[in-house]
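Hello,

Here is the structure I promised to pass on to you. Please open it beside this email, and then read on for what was found in it.

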Amino acid sequence: MKQLIIYFISKISLILVKHSRLIRFYHIVFFFTVLSVQTAFSQVIETTEPLIIDQRKSTIRTRFAPPKGFLWAKEMPGSFGDYLANFPLYPPNFPVRNFSSVPIEKQSNHVAILKIDVGDKDLQQCADAWIRLYAEYLWSQKRFEEIGFEFTSGQFFSWSDFKKGVRTREIKNRVTFYQTRKVDDSYENFRNYLNVIFRYAGTISLDRESVSVFQNSQIKTGDFLIKPGSPGHSVIIVGVAVNSSGKKLYLLAESFMPAQDIHILKNPLNSTISPWYELDLNARKTVTAKYIFAPTSIKRFAVPQKNK
């Protein structure tokens, strides 16, 4: 019996020696197969590890690292989404202030503040803040002819008309327009124009003149959740992260009443991914740090206003 065992061992050894190169080849193939499978799965695994928020960084995209398995979505250069994702932020621990530069009472709902003023009047509130960001984006792109917004009354007022001297006045609670000779295309006058828009526009007008997003796969940076009303509310998407399976997460920002700094919100329902949010157009409601949107309505700015 012992001799038989020795015989079989010797035969197996010869086979192994004879086919050692083939065995090494299959071993290498197996190793890389396992490695590739592990890599593929590691790209979509979510984790409860603390998220990285690098307070030393000064823009949205650089300060907020997406959860593990996710990467920042690519934005088209020069797009509104690219403008927002790279928007500058105030230093860490900077308080949310109102239009009088006084810190608001509750400071626990935000993680960062966009570095843009709110003006010195109680005008730039929720929907007005997105009008401000979009108008500033168009200004930065020198797309001046596209700057124009509707009033709640339905009247359209463009920057082109304002800079040529057209002004507004109220007669029996109705806004009318009249021509002056005050031609001025300065940035200071542009801010005067926006204050007029903020006075007469809001969630109702923005909801009416914006276009709906119908599929989750189409949601992108620059889109906004909106509930029209008096008062209504709106928050805007300032960043998108995506994993290899196509799942997306979103950073949301808001302003509020009274007019106050635009700030990025914490996620009150999911601390493991906060400040990132999941969004679903089919959801009955979407809960944010300070507001519940029911139903979940997501829209975006329409085609260039000059075509109106």
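With 3 residues, α5 gives the most to the lining of the second largest pocket. Helices (H or I, at least four residues) and strands (E, at least two) are DSSP runs, numbered from the N terminus. Please keep in mind that this is a predicted model, in which local features need pLDDT of at least 70 and side-chain atom pairs count only at pLDDT 80 or more, while totals for chains, interfaces and linings use all residues. Residues are numbered from 1 along each chain as its sequence is written, and side-chain values use heavy atoms, with hydrogens and water left out.

**The pockets**

A word on terms before we go on. On a 1 Å grid over the protein atoms alone, a pocket is an open set of points with protein on both sides within 12 Å along at least five of seven lines, whereas a cavity is a set of points where a 1.4 Å probe fits but cannot get out; lining residues have an atom within 4 Å of a point. Grid points are joined across faces, edges and corners, and a volume is the space filled by probe spheres set on the points.

The second largest pocket has a volume of about 250 Å³. It is lined by 18 residues, and Gln125, Asp128, Ala201, Gly202 and Thr203 are the closest to its centre. Two or more residues of this lining come from each of α5, α7 and α8 (203–209). By class, the lining of the second largest pocket holds 8 nonpolar, 7 polar and 3 charged residues. Here Ala, Val, Leu, Ile, Met, Phe, Trp, Tyr, Cys and Pro count as nonpolar, Asp, Glu, Lys and Arg as charged, and the others, Gly among them, as polar.

The largest pocket has a volume of about 310 Å³. Among its 17 lining residues, Ser79, Phe80, Gly81, Tyr134 and Lys220 lie nearest the centre. The elements that give two or more residues to this lining are α4 and α5.

**Helix α5 and the cores**

How far does α5 reach from its first C-alpha to its last? It has 15 residues and reaches 22 Å, close to the 21 Å expected at 1.5 Å a residue; that expected span is 1.5 Å times one less than the number of residues. Of the 15 residues in α5, 14 are buried, where buried means under 20% relative accessible area, exposed over 50%, and partly exposed in between (1.4 Å probe, protein chains only).

The largest nonpolar core has 53 residues, and Ile60, Tyr193 and Ile264 have the most contacts inside it. Such a core is a set of buried Ala, Val, Leu, Ile, Met, Phe, Trp, Tyr and Cys residues joined through side-chain atoms within 4.5 Å. The elements that give two or more residues to this core include α5 (126–140), α7 (187–200) and β9 (233–243). α5 gives the most, with 10 residues. Not counting residues up to four places away in sequence, Tyr193 touches Ile147, Gly148, Phe149, Phe157, Ser158, Trp159 and Phe162; contact means heavy atoms within 4.5 Å. A second, separate core of 15 residues includes Ile219, Ile237, Phe293 and Ile298.

**The cavities**

There are 2 cavities of 30 Å³ or more. The largest has a volume of about 40 Å³, and its lining is made up of Val118, Gly119, Asp120, Lys121, Leu123, Gln124, Arg191, Asn195 and Phe198. The second largest cavity holds about 30 Å³ of space.

**Bonds and angles to look at**

Most residues other than glycine have a negative phi, and most peptide bonds are trans.

Lys142, which follows α5, has a positive phi near 60° and is exposed, with a relative accessible area of 65%. Lys172 has a positive phi too, near 55°. Lys172 lies in the loop between β5 (166–171) and β6 (174–179) and is exposed, at 82% relative accessible area.

Enjoy looking around!
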